[in-house]
Amino acid sequence: MKKPHVSIAPMLDWTDRHCRFFHRLISPHAILFTEMVTTGAIIHGNKDRHLAFSQQEHPVVLQLGGSDPATLATCAKIATEDYGYDEVNLNCGCPSDRVQNGVFGACLMNEPDKVARCIEAMNKSISVPVTVKCRIGIDDCEERPFLDRFIQTVMNAGCGEFTIHARKAWLKGLSPKENREVPPLRYDIAAEIKQKYPQLKIILNGGLCSIGQIQEQLQIFDGVMIGREAYQNPWILAEIECRIFEDNRNVSRYDIIERLIPYMEEQMASGVPLKSMARHILGLFHEQRGGKKWRQVISQESHLEGMRPDDLLNRAAAATQQDWKLAA
Ligand SMILES: Cc1cc2nc3c(=O)[nH]c(=O)nc-3n(C[C@H](O)[C@H](O)[C@H](O)COP(=O)(O)O)c2cc1C
């Protein structure tokens with residue numbers, strides 16, 4: 001049987017390498033995305049800071065923000081040849097002002113020919129897949145013909161996989177956060193694309209937060225991408241392992257904590273502050289007894305001078321267990 005495709009969404013400021021390492025410990029099978037990295041940051045900035053990752057994170061996809069074909073091709077080459085990314089994804093779905101000023105992200109959906117040239121250039125420079133993440137439309141476009149034209153043009157340029165965040169983006173008047181909540185979800189429009197272009201790999205994104213929903217959409221789409229739920233409630237990834245990938249390793253939250261400690265020690269030794277790793281694990285006990293205590297200890301103590309990972313995590317874990325004992 002074909003392995004299901006489940007990816008964890010690119011999320012700026014959230015899915016950095018430390019977050020991805022944590023997610024990988026819980027989920028050996030999910031495909032992990034970086035935050036969006038702009039071509040400018042790669043060309044002019046500190047490459048290691050933007051691109052380095054741990055080998056355990058594979059398979060990992062670099063999401064690029066940009067719209068100049070030659071620059072995107074250069075960045076895709078650096079990312080795959082020098083750093084070993086498994087796929088490069090072009091962001092055509094992010095609606096923030098900063099992104100619009102740079103003419104990339106969701107506003108690129110207005111320029112399918114430009115996106116096509118970007119895909120062609122990247123495909124020429126690298127051998128791993130080049131994919132696209134987009135919305136179903138922008139502003140007051142009529143979604144069906146708009147999305148169809150975009151997909152067809154970009155597909156003809158050599159893109160075989162699209163992750164569709166199944167809502168429109170409003171480029172004026174809505175904040176990025178509102179743009180993830182206000183425009184209604186239209187899985188039906190994404191499904192029509194899958195039906196019309198069965199040869200394409202279509203991954204559904206937006207609002208997926210239960211195993212039931214994921215199972216249902218995997219009947220229709222080639223895969224699903226989970227964003228906020230995976231970050232806020234990372235244990236859903238363990239449920240996905242068990243129920244979608246049928247991997248019954250039976251790992252506990254405490255096993256994950258134990259495996260994180262040596263990683264955090266190693267990263268701290270190379271100068272990473274504990275708090276910048278610990279912030280990603282606040283949701284580990286989401287809606288569990290002791291979850292509030294866990295968050296409290298992690299958020300209040302991770303920034304303390306001299307705090308070590310084993311101290312912090314053992315204290316936070318003990319606080320959750322204390323809650324269990326009180327309830328027993
Ligand atoms: C904090 C945050 C940052 C995001 N950053 C990006 C990004 O860098 N690139 C991108 O394509 N989408 C970004 N998104 C959108 C997500 O990838 C995803 O499409 C969206 O959250 C809908 O999926 P969900 O309902 O499962 O969260 C971001 C979302 C959040 C919450």
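The model is predicted, so a local feature needs a pLDDT of at least 70, side-chain atom pairs count only at pLDDT 80 or more, and totals for chains, interfaces and linings use all residues. Numbering starts from 1 along each chain, as its sequence is written.

A word on labels. Helices (H or I, at least four residues) and strands (E, at least two) are DSSP runs, numbered from the N terminus. Two strands pair if DSSP finds at least two bridges between them.

Now the barrel. Eight strands close into it, in the order E1-E2-E3-E4-E5-E6-E7-E8, and the pairing is parallel. On average, neighbouring strands of this sheet are turned by 25° against each other, direction ignored. As background, strands of a sheet pair through backbone hydrogen bonds, either parallel or antiparallel.

Back to E6. E5 and E6 pair in the parallel sense, over four bridges. On to E7. Strand E6 covers residues 161-165 and strand E7 residues 201-205; five bridges join them, and they run parallel. Phenylalanine 162 stands opposite isoleucine 202 in E7.

Is E6 enclosed or open? Four of its five residues are buried, so E6 is largely enclosed by the rest of the structure. Buried means that 20 or more other C-beta atoms lie within 10 Å of a residue's own; exposed means 12 or fewer, partly exposed is in between, and the C-beta atoms are placed from the backbone.

Next, E3. This strand runs over residues 60-65, and six of its six residues are buried. Both faces are covered. Val60, Leu62 and Leu64 lie on one side, with Val61, Gln63 and Gly65 on the other. E2 pairs with E3 in the parallel sense over five bridges, and threonine 38 stands opposite glycine 65 in E3. Four bridges join E3 to E4, again parallel. There, leucine 62 stands opposite valine 88 in E4.

The peptide bond from histidine 58 to proline 59 is cis, with omega near -5°. Proline 59 lies in the loop between helix H3 (47-51) and E3. For context, most residues other than glycine have a negative phi, and most peptide bonds are trans.

Aspartate 139 has a positive phi, near 50°, and is not a glycine. This aspartate 139 lies in the loop between E5 and helix H7 (143-156). It counts as partly exposed because it has 16 C-beta neighbours inside 10 Å. Glutamate 287 also has a positive phi, about 55°. Its place is the loop between helix H13 (274-278) and H14. With 9 C-beta neighbours inside 10 Å, glutamate 287 counts as exposed.

Helix H6 (residues 112-125) lies across strand E4 (87-92) and strand E5 (130-135), at about 165° to E4. Axes are lines fitted to C-alpha atoms, for helices over the stretch in contact, and angles run from 0 to 180 degrees between N-to-C directions.

Now the ligand. Which residues come nearest? Of the 23 residues around the ligand, they are Ala9, Met11, Met36, Gly227 and Arg228. Near means that the C-beta atom, placed from the backbone, lies within 6 Å. Strand E2 (31-38) and helix H10 (228-232) each supply at least two residues of this shell. By class, the shell has nine nonpolar, eight polar and six charged residues. Here Ala, Val, Leu, Ile, Met, Phe, Trp, Tyr, Cys and Pro count as nonpolar, Asp, Glu, Lys and Arg as charged, and the others, Gly among them, as polar.

Finally, the domains. The assignment gives domain 1 (5-243) and domain 2 (253-327); such bounds come from an automatic or database assignment. Their centres, taken over C-alpha atoms, are 30 Å apart. How many residues meet? Eleven residues of domain 1 are in contact with 13 of domain 2, where contact means C-beta atoms, placed from the backbone, within 7 Å. On the domain 1 side, helix H1 (17-26) and H10 give two or more residues each. The largest share, six residues, comes from H1. That side has eight nonpolar, three polar and no charged residues.

One last stop: glutamine 296, in helix H14 (residues 291-301). Glutamine 296 counts as partly exposed, because it has 13 C-beta neighbours inside 10 Å. Glutamine 296 and alanine 316 are 20 residues apart in sequence, and 8.1 Å apart in space, C-alpha to C-alpha.

How values were computed
Two residues are in contact if their C-beta atoms, placed from the backbone, lie within 7 Å.
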